[in-house]
Amino acid sequence: MRILEHPNPALKQRSLEVDPASDTELRTLVAAMACAMYEAPGVGLAAPQLGVVKRVVVYDVDDELYAVCNPVIVERSEESECDEEGCLSVPGIGVMIPRSVRVTCEGVDLDGAPVRIEAEGLLARVLQHEIDHLDGVLVLDRCSAEDRRDAIRRYNEIHEQVG
Ligand SMILES: [Zn+2]
């Protein structure tokens, strides 16, 4: 499946919670997401990036694939860090984005069992980024107005060249 790119309106939608007990397409979806993520390659992907408005994310920052349904950040550190962030849906563009250094994320796995992830550093950033996608929020919505103008100009230039 193709990863949708900005400004596709599907990326701006708020995704819906899933019920692993009744959603028979969940495993197929996660397999397609993992496939698209590794092919890109990237370290995380959210279902709406494939045009599926479900609250499902996959990530692999440590050579292990994880899938989380209905992820919610339940705790975050006050300490934040600004770093350059890219997005497979805004290809070719990196923008500086402040994120909490540590987050605790809760959700359920593909069997519906509760999961709790204590994350810091890159994993914390990836979780915040992917959960943003579930709310229709892109990196372009998170950076400063100046960075946003600059990023959109560069992005449009790249896209015009590609055609
Ligand atoms: Zn992204």
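Predicted model: local features only at pLDDT ≥ 70, side-chain atom pairs only at ≥ 80, totals over all residues.
Let's start in the sheet. Strands S3 and S6 run antiparallel to each other, with 5 bridges between them.

Now widen the view. S3 and S6 belong to an open sheet of 5 strands, ordered S1-S2-S3-S6-S7, and the pairing is antiparallel. S1 and S7, residues 114-120, are the edge strands, each pairing on one side only. On average, neighbouring strands in this sheet are turned by 40° against each other, ignoring direction.

Move to the S1 end. S1 and S2 are antiparallel and joined by 3 bridges. Gly44 sits opposite Tyr59 of S2. Next come S2 and S3, antiparallel again, over 4 bridges. Here Val58 has Ala67 in S3 as its bridge partner.

S2 and S3 make a hairpin, with 6 residues between the two strands. Look at Asp63 in that turn. Its phi is positive, about 60°, although Asp63 is not a glycine. Is Asp63 buried or exposed? Exposed, with 5 other C-beta atoms within 10 Å.

Compare that with Asn70. This residue lies in strand S3. Asn70 also has a positive phi, near 50°, and is a residue other than glycine. But Asn70 is buried, with 20 other C-beta atoms within 10 Å.

On to helix H1. H1 lies across S1, S2 and S3, and runs at about 40° to S2. The helix has 14 residues. From first C-alpha to last it reaches 20 Å, close to the 20 Å expected at 1.5 Å a residue.

Which residues of H1 are buried? Leu26, Leu29, Val30, Met33 and Met37. Down the axis of H1, these buried residues fall within an arc of 95°, so they line one face of the helix. The cover over the buried residues of H1 includes S1, S2 and S3. Turn to the face away from that buried side, and you find the exposed residues Arg27, Thr28, Ala31 and Glu39.

The largest nonpolar core holds 38 residues. Val30, Met33, Val56, Val57, Val58, Leu127 and Val139 touch the most other members. Several elements supply at least two residues each, among them H1, S1, S2, S3, S5 and S6, plus helices H2 (122-134) and H3 (139-142). The largest share, 6 residues, comes from H2. In general terms, nonpolar side chains tend to be buried together in soluble globular proteins.

Take Val56 as a close-up. Leaving aside neighbours within four places in sequence, Val56 is in contact with Val18, Leu29, Val30, Ala47, Ala67 and Cys69.

Two prolines deserve a look. The peptide bond from His6 to Pro7 is cis, with omega near 10°. Pro7 is in the segment before H1. Ala40 and Pro41 are also joined by a cis peptide bond, with omega about -10°. Pro41 lies in the loop between H1 and S1.

Last stop, helix H4, residues 145-162. Ile152 is found there. How exposed is Ile152? Partly, with 15 C-beta neighbours inside 10 Å. The C-alpha atoms of Ile152 and Ile93 are separated by 8.6 Å, while the two residues are 59 residues apart along the chain.

Note on methods:
Residues numbered from 1 in each chain as written. Core = buried A, V, L, I, M, F, W, Y, C linked by C-beta atoms within 7 Å. Buried ≥ 20, exposed ≤ 12 C-beta atoms within 10 Å, placed from the backbone. Contact = placed C-beta atoms within 7 Å. Expected span 1.5 Å × (residues − 1). Arc of directions from axis to C-beta. Pairing = 2+ DSSP bridges. Axes fitted to C-alpha atoms, helices over the stretch in contact; angles between N-to-C directions.
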